[in-house]
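Thank you all for making time this morning.

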Amino acid sequence: DEDCDVKNIEEFSMTLLNAVELTQYILISGVAVWQNVEMSSMNSFLNIKSPELSCPACLPMSTIAVKHGCPLAINAMPVAQSDGWSFHLPLHRFLAACLREVVRRPNQLDDGATFNGIEGLFKSLKMMSNNEKQNQQILNGLIEFPTIILSRTAQIRSKLWRRNGQGMMDQVLNYAEPSFCRSLRDADLMLVQFALIGYSYLLTELNGQAKASPSQLCACSHFICLLTHRFGVFDFVGFRKAPNVFKEKFVKNRNEGIYPQEKGVQASAEALEPFFEDEALLDFPWTYSPTNDPQRLSSLLDELLQLLIILITELPPPPPKDEAEHLRQAKQRLRREVVHRLVSGSKAHSDLAEVHHVLPLQDNVALSEEGKFVNPEDATGAALEAVLVEVADCKSILGKSDRWELQRWAWNEYDPSFFHISIQSHQNAAENRPVGTRAEPFPYAPFPPPAHKTYLRLRRDVSSDSNVAAILYRVLHVHFCDIDEMDNFNSDPAYDKGVHSEIILGRVIHLLTLGAYAWETTAPAEKCSGGRDSGSVFYGCTNEPDQQCWVESILLGNPKDIMMSEDYHGQETMLEFINIISKDGGSKRFQVQDKSIRAGAAWLCEFATRCSPKAATLIGRHMHSSKASAESDLQRRKREAKERAMKQIQAKMMRFAEVIKTDEDVELMDTDQKTPENPSLTDDTSKTRAKENFSSKMSKEDVCDTTSLQDSKPCEDFDVTNPTNRLLQDRPRCIICGDDSNMSKESFTQNDKTSNEKSPKVLAFCCLVQPSVTLKGCGGLTSNNDSSTLSLVGTHMSLCGHAVHTSCLSSHLKDQIQGRLGDRLEVGKRAEFKCPLCRRLSNCLVPFIDVGRDWVGNCEINDVEDIEEKLNTRSRESGNLEHSALHNFLTSSRWWAIRNDKSIAWNGRCSFIQSDSSDTNEVNIDFLSPKKRTKSFGKKDLYKAWTSVMSAPSFMRRGDSAFSDDSVSMGIVQPDSE
């Protein structure tokens with residue numbers, strides 16, 4: 001500074017502080033003072049009219065934690081939901097930067113007999129202040145202020161702050177995602193981890209000589225309970241308030257001054273009565289949730305679980321012994337960042353340059369020094385290139401920069417909750433993850449990176465915490481329990497089907513996998529304490545817990561004891577739910593589609609059977625029952641899908657049957673009541689005309705011509721009532737009434753024109769008939785261009801496969817016309833309609849005619865000869881070859897395509913015809929020439945052919961009567977008159 005006096009600088013001592021002394025000075029003289037001022041300005045307040053303005057003096061602890069040695073409530077800052085907050089805590093972030101430098105140093109004394117490392121910092125703090133209350137207040141503040149920011153960030157990502165606009169979301173992205181996350185979110189996590197470790201160093205040892213106060217609790221339980229309140233999911237995860245259950249004990253402790261009194265009650269007891277069960281609970285601790293929407297609460301729970309995963313995974317690294325070890329650690333951290341950038345898709349070299357923004361400065365310096373030996377001009381890029389060659393393949397693309405694609409084996413290092421990539425990148429990674437064919441057990445998450453031995457206990461503390469175990473069991477129970485047999489959970493919003501999520505299940509499997517890693521560690525160098533403080537499932541355990549104890553207490557624990565509720569009596573254990581995921585993919589309530597979750601669940605089952613004989617017995621019994629079923633997962637899913645489809649069809653049939661029955665009753669009433677003097681029955685003439693027009697088309701022309709059926713007599717040679725004589729054992733069933741309507745011989749002889757009785761239920765298939773122009777222009781025509789050949793067109797019939805009775809469909813479509821419930825395609829101007837089941841466009845019905853078994857039997861040779869003789873006789877009598885058997889035609893005529901038989905011509909569409917020209921030499925057969933048969937077509941020819949096919953023919957545009965609407969009915973294309 002130019003205005004600074006040099007003399008003032010010389011007055012200061014030139015003695016510099018080391019990392020421990022600087023961190024201690026910032027903590028005691030800066031952060032602690034600021035926290036005391038902020039906390040003293042906060043007061044508890046209760047306002048029923050505006051709950052977001054209320055804040056209790058203390059927060060209730062769950063009954064689950066109280067059972068394991070925790071107090072009834074925690075003394076937390078009275079913070080309301082509407083209180084102001086900021087993303088930026090400058091002093092706290094500077095303290096976090098100092099803590100990073102302290103952790104990098106080994107836990108030993110310097111030459112000057114000064115403390116060094118993180119343990120040296122705790123010893124120095126303990127020697128400076130033996131005031132337990134002051135130390136606890138400092139640690140509480142280091143947890144409270146970062147937790148407020150973390151919880152508000154989770155609420156914003158759960159779309160609870162949408163009124164603040166896109167600017168708030170942008171701040172969240174800067175806070176939690178690269179490249180600023182290292183200075184913001186990562187620093188807050190560092191402070192929380194330091195405070196959790198500080199509880200065991202600064203409070204437990206200080207209380208070793210005196211009786212611990214009831215308000216002194218385990219750091220992990222304190223933090224977990226605080227998170228559930230700040231995130232607003234305390235009630236959603238099934239916790240019960242301990243002060244409300246143990247009222248007398250809480251009142252006694254409050255009178256002793258352990259818990260503060262509630263202040264600022266702004267309503268009378270009558271006004272507060274709807275919000276509290278008892279008037280005595282008015283000044284009891286309560287909790288507040290920012291939303292009542294189950295989906296938003298589920299999203300907040302997902303954020304909470306992800307925070308716990310990051311908290312115990314991303315621990316400070318161990319201090320390196322020398323420069324070589326530091327370089328090795330730097331390469332591992334760089335490789336981990338690169339792998340997680342590539343899981344979302346291939347990247348260019350320039351896209352991966354930002355990984356250096358989230359690495360420590362010392363790592364970047366070490367990597368640059370190493371890269372100078374490879375490429376002095378780009379040392380940082382050389383280090384990145386070396387890692388890319390190891391884990392990725394370079395894909396060259398013409399005209400673009402090279403892309404790096406992650407190798408398949410490197411996916412084993414992917415962490416589904418990695419904190420330095422965005423949520424969208426994780427979603428892309430879930431789609432790209434190559435686990436589609438993996439069936440063997442495989443961990444859902446890789447082993448966490450090495451951590452400082454002082455911080456290792458956090459992994460055991462969190463994985464054995466009773467509150468965490470209850471949350472994990474609650475999530476599994478919500479997704480896979482049989483709620484139909486339990487009335488206690490029907491009103492619980494957590495059990496709504498809309499809150500089911502594979503992402504939350506993935507968090508549960510991830511946390512359990514980390515717990516298995518933490519308790520599976522048996523190497524002497526990696527042994528760590530933790531997992532036995534108050535709030536843990538091992539609280540009060542005399543022996544040192546191991547992996548078997550963790551499996552039997554967490555995975556095999558009694559659900560009633562885990563949740564501290566009789567509602568869970570007799571429910572499945574956590575391991576049984578996990579085994580359901582691995583074997584069946586879930587239950588009827590929810591099915592897991594992500595194969596990585598199922599593989600991770602199978603790995604947990606394998607770990608449990610390896611560590612505990614009880615788990616091996618339980619899993620073996622389930623495996624035996626699954627083998628006895630002899631049904632694979634694919635077969636089970638097909639069976640369940642078929643059952644669901646059948647239930648839907650039956651439900652539709654019942655609804656259609658009710659509609660038809662109602663329509664028949666109304667028609668009978670109308671017939672009895674309709675008189676010439678009652679004009680009100682015919683007020684809607686348009687609807688009546690539409691009904692009559694459609695009914696006439698359906699019943700007389702298009703559905704079934706009873707006269708032609710009587711002439712053909714298809715059922716004359718066998719008994720249709722005997723199923724053994726049928727070609728089809730199972731007749732098609734009507735999709736409306738569900739009956740197969742077995743047609744008898746009398747059904748064909750009945751004429752509905754002369755009979756007053758109802759027409760028979762003729763079974764038919766919904767069909768779409770339309771002219772086919774796919775062969776248009778594929779062949780030549782005769783030289784005279786007879787107009788009769790222009791009207792020849794192919795007919796294409798498309799069936800959806802659903803059968804329906806003519807009367808059922810008629811009633812259904814009449815109801816659609818009357819109520820105008822269908823769309824514009826329902827009974828259109830060309831009598832088009834939709835299949836009632838699949839909603840496929842149709843315009844006619846194809847009758848179903850049952851035949852006998854002998855209908856497809858081998859015909860006798862005499863029958864074939866008789867048919868040919870009849871055809872030949874008919875051809876000789878007519879004097880032309882319009883109708884000829886194909887066998888007779890091929891044996892009696894020359895091969896026209898090779899011999900150029902000019903007496904026969906292809907009509908260009910669907911058949912051979914006899915040339916009418918007297919001079920056969922004039923027949924146009926240019927299309928058979930080799931030059932035209934070998935012509936190569938280009939894009940212009942393809943475009944011209946496509947245009948000619950899709951456009952209407954010229955003779956249709958001229959209004960040819962053969963294609964007018966009058967000659968084309970809904971069901972049958974009328975042939976041209978000869």
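At roughly what angle do the axes of helix α13 and helix α20 cross? Before I answer, please keep in mind that this is a predicted model, in which local features need pLDDT of at least 70, side-chain atom pairs count only at pLDDT 80 or more, and totals for chains, interfaces and linings use all residues. Residues are numbered from 1 along each chain as its sequence is written, and side-chain values use heavy atoms, with hydrogens and water left out.

The axes of α13 (residues 294-313) and α20 (residues 502-520) cross at roughly 25° and come within 10 Å, where an axis is a line fitted to C-alpha atoms, for helices over the stretch in contact, and angles run from 0 to 180 degrees between N-to-C directions. The two helices, α13 and α20, are therefore roughly parallel to each other, since angles under 35 degrees count as roughly parallel, over 145 as roughly antiparallel, 65 to 115 as roughly perpendicular and the rest as oblique. On the α13 side the contact (heavy atoms within 4.5 Å) is made by S298, D302, L305, Q306, L308, I309, I312 and T313, and on the α20 side by I503, I504, R507, V508, H510, L511 and L514. By class, this contact of α13 with α20 has nine nonpolar, four polar and two charged residues, with Ala, Val, Leu, Ile, Met, Phe, Trp, Tyr, Cys and Pro counted as nonpolar, Asp, Glu, Lys and Arg as charged, and the others, Gly among them, as polar.

Let me set a second pair beside that one. The axes of α14 and helix α15 (residues 361-371) come within 9 Å and cross at roughly 100°, and α14 and α15 are therefore roughly perpendicular to each other. Here H326, L327, A330, K331, R333 and L334 of α14 meet Q362, D363, A366, L367 and E370 of α15, and the residues of this contact divide into five nonpolar, two polar and four charged.

Staying with α14 (residues 323-342), this helix also holds V338, which counts as buried at 0% relative accessibility; buried means under 20% relative accessible area, exposed over 50%, and partly exposed in between, with a 1.4 Å probe and protein chains only. Leaving aside residues up to four places away in sequence, V338 touches L384, V387, L388 and V391.

Finally, some backbone details. A cis peptide bond, with omega about 15°, joins P178 and S179, and S179 lies in the loop between α7 (166-176) and α8 (185-204). M564, in the loop between α22 (559-563) and α23 (574-584), has phi near 55°, a positive value in a residue other than glycine, and M564 is partly exposed, with a relative accessible area of 23%.

For the chain as a whole, buried residues make up 44% of the 978 residues.

Definitions and conventions
Helices (H or I, at least four residues) and strands (E, at least two) are DSSP runs, numbered from the N terminus.
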